[in-house]
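Here is a short report for a reader who is new to this structure. Look at the sequence and the fold first, then read on.

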Amino acid sequence: PDKFLNTDLAKILKDKGIQAVIVTGTASNGAVLFTAAGAAMRGLRVIVPVDGMSAAARYADLTTAYTFATAPLVSAKSTLTKIDMIKFE
């Protein structure tokens with residue numbers, strides 16, 4: 001579920017000077033959680049719009065959001081938000 005594993009994604013982002021990623025998608029308790037956590041563990045700032053993720057059960061979305069808010073390392077690098085609150089400079 002971590003989209004960084006076995007890919008050049010980390011290198012591509014680093015080579016382009018990207019320091020923050022916005023992670024959205026289905027399976028909030030799978031791809032969203034593990035890709036965002038993988039990004040945080042690689043030193044990237046992670047933005048997670050809660051209305052940009054979904055799962056088969058609402059509980060999965062809630063536990064994923066809770067993880068971003070409280071997990072060691074991941075919470076320090078993560079911002080929970082909503083899609084319409086994201087602004088680009």
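Exposed means over 50% relative accessible area, buried under 20%, and partly exposed in between, with a 1.4 Å probe and protein chains only. Helices here are DSSP runs (H or I, at least four residues), strands are DSSP runs (E, at least two), and both are numbered from the N terminus.

This is a predicted model: local features need pLDDT of at least 70, side-chain atom pairs count only at pLDDT 80 or more, and totals for chains, interfaces and linings use all residues. Residues are numbered from 1 along each chain as its sequence is written, and side-chain values use heavy atoms, with hydrogens and water left out.

## The buried face of α3

Which residues of α3 are buried? They are Ala60, Asp61, Thr64, Ala65 and Phe68. They cover an arc of only 130 degrees around the axis, so they sit on the same side of α3. The arc is that of the directions from the helix axis to the C-beta atoms. An α-helix has 3.6 residues a turn, so residues three or four places apart point the same way.

The buried residues of α3 pack against α2 (28-41), β3, β4 (53-54), α4 (74-77) and β5 (78-81). Contact means heavy atoms within 4.5 Å. The length of α3 (residues 58-70) agrees with expectation, because its 13 residues should span 18 Å at 1.5 Å a residue and its end C-alpha atoms are 18 Å apart. The expected span is 1.5 Å times one less than the number of residues.

Take Asp61, in helix α3. Asp61 is buried, with a relative accessible area of 9%. Leaving aside neighbours within four places in sequence, Asp61 is in contact with Ser28, Met53, Ser54 and Ala55.

## Helix α2: largely enclosed

How many of the 14 residues of α2 are buried? The count is 10 of the 14, so α2 is largely enclosed by the rest of the structure. The buried residues are Ser28, Gly30, Val32, Leu33, Thr35, Ala36, Ala37, Gly38, Ala39 and Ala40.

What covers them includes β1, β2 (25-26), β3, β4, α3 and α4. Gly43 follows α2, and its phi is positive, near 90 degrees.

## Strand β5: Leu80 and Thr81

Leu80 lies in strand β5. Leu80 is partly exposed, with a relative accessible area of 35%. Not counting residues up to four places away in sequence, Leu80 touches Val48, Val50, Ala65, Phe68 and Ala69. Leu80 and Leu33 are 47 residues apart in sequence and 12 Å apart in space, C-alpha to C-alpha.

Thr81 is also in strand β5. Is Thr81 buried or exposed? Thr81 counts as buried, at 14% relative accessibility. With residues up to four places away in sequence left out, Thr81 touches Ile47, Val48, Pro49, Val50, Asp51 and Ile86.

## The largest pocket

About 180 Å³ of space lies in the largest pocket. A pocket is an open set of points on a 1 Å grid over the protein atoms alone, where a 1.4 Å probe fits, with protein on both sides within 12 Å along at least five of seven lines. Grid points are joined across faces, edges and corners, and the volume is the space filled by probe spheres set on the points.

Ala20, Val21, Ile22, Arg45, Ile47, Ile86, Lys87, Phe88 and Glu89 line the largest pocket. Lining residues have an atom within 4 Å of a point. β1 (20-22) and β3 (45-49) each supply at least two residues of the lining. The largest share, three residues, comes from β1. The lining divides into six nonpolar residues, no polar and three charged. Ala, Val, Leu, Ile, Met, Phe, Trp, Tyr, Cys and Pro count as nonpolar, Asp, Glu, Lys and Arg as charged, and the others, Gly among them, as polar.

Most residues other than glycine have a negative phi. Asn6 is not a glycine, yet has a positive phi of about 60 degrees. Asn6 lies in the segment before α1 and is exposed, with a relative accessible area of 84%. Leu73 has a positive phi too, near 65 degrees. Leu73 lies in the loop between α3 and α4 and counts as partly exposed, at 47% relative accessibility.

Lys16 is in the loop between α1 (9-15) and β1. Lys16 is exposed, with a relative accessible area of 62%. Lys16 and Thr70 are 54 residues apart in sequence and 30 Å apart in space, C-alpha to C-alpha.
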